[in-house]
Amino acid sequence: MKEEVVEQDKLIPGMRIIAYQGLEARFGTLDAEKVQWLAHNFKGTTAIKVDGSQVAIDALKVGDRLLEIGSFPASLLHLCEVGEGLVKALKSQGFSRFKVQTASAQESHIQSVGKATLLVEKTKKSKETQARAAKEVEKVMDALAQGAASLESLNGLVEEIVENSYLEAIGALATLKQSDYTYGHCVDVGAIFAGVYFEIQRHRGVEPVFADLQEALLSGLLHDLGKSSMPKDILESPLQFEKDSPEMRLQRGHSEKTGKLLTEMKAHPVAINMGLYHHVKPDGDTYSSYPKNLDFKDALFETRLLAIIDSYQALTGRRPFKRSWSAPAAMRYLEALSGVEYDEEAFEGFAKVLGLFPVGSLVELSDKSRGFVMNVPQGDLSRPQVVLIQDPEGRDLNKHPLVDLSVTQGLSIVKDLDPVELFGEKALDRFLALKVG
Ligand SMILES: [Fe+2]
Ligand SMILES: [Fe+2]
């Protein structure tokens, strides 16, 4: 914790005073009245005199010259916690300098621990909502395959996700690879999209096109709706299809189909663009770009962002036919392709908001301890807060300290690890079992 000496006018509510200083000018040589006043108001503290000697406050005598009052007992905490009332009172009492603990550091640590604990709680709760939402997407797609569907049931879940602020938690679930790969993918993409979109637009100084989080979440979630027309055995096949195989052609038809369905459903026009264009690449000639007749320049910013999130979720999510990537590895991959396969500005915004080590990433620090990333830092994206789960010897910790790399010198992230590779099916449980301290 940082300690510093500040002038009276630099006291900020939230700081914690550990000693009153700068008294001699106003206090001068103590008279009887002052001695009494100090003994009464600072009972239990220690006084340091100008000559350096230290005495209990009630041992001060007339004629003493006072330098500092410190060692406040718990009963005088109201004289240490800087609030507006105290600052006012101090002004009239002639105390001019204070030794303070930069409460912003202390407080921000407490706040960070609180936030991290809340995130773990929310992730626990949102797991069930995410699974239900994925089931609901499946039902809607099944109903669409039969020629009829309503988005009513989805609306309720979208609201539930937003109202409980589960967006970040669903992002963490995605990082921890909990989603089934067709329907869970839709929910994750929608949640990540809604979770980052408004902040990205704020950074860009651009008015969002969606009225609220719900609208953005639903629009993102519907981007693969056209997959409803694919036979389930193809949709859920553990195989990766050959280029130009009939199955691959069906798969590549899904975005056009999504555009059509969303148009029929009179969805938000931007959602339609997102559905139709999310696989269109800047270079339309590459195999990965489809439908072939569409041009990237007609893909809206929202669509370009969604395309990045779509790939991010696909890379990190578990697929039966491939090893999945760790979230930071996926970010590096997307960064490498930004400006080539993906829109540069959209990636920049995405990385700024999701971080290069997205929440839930498992990382190893330079002292070999390991932990989960809990936040996206404001400044250097490579220095987030990490909650440690293993010590440098690889032993599991029972309590999990939060290390804020943005203020901790001498420690840094040296590599990222795949939580599933390390902990298998227990990956999410390890995260949910965090006791942040
Ligand atoms: Fe898609
Ligand atoms: Fe997708």
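**A predicted protein model in questions and answers**

The protein has 17 helices and 11 strands, taken as DSSP runs (H or I of at least four residues; E of at least two) numbered from the N terminus. This is a predicted model, in which local features need pLDDT of at least 70, side-chain atom pairs count only at pLDDT 80 or more, and totals for chains, interfaces and linings use all residues. Residues are numbered from 1 along each chain as its sequence is written, and side-chain values use heavy atoms, without hydrogens and water.

Student: How far apart do the C-alpha centres of domain 1 and domain 3 lie?
Tutor: Domain bounds come from an automatic or database domain assignment. Domain 1 covers 3–101, domain 2 covers 125–354 and domain 3 covers 362–432. The centres of domain 1 and domain 3 are separated by 42 Å.

Student: Which elements do the buried residues of α14 pack against?
Tutor: Buried means under 20% relative accessible area (1.4 Å probe, protein chains only). In helix α14 (residues 327–337) the buried residues include M331, L334 and L337. With contact meaning heavy atoms within 4.5 Å, the partners are α6 (167–175), α13 (301–316), α15 (344–354) and β11 (413–417).

Terms used: Chains are lettered from A and ligands numbered from 1 in the order in which they are written. Buried means under 20% relative accessible area, exposed over 50%, partly exposed in between (1.4 Å probe, protein chains only).
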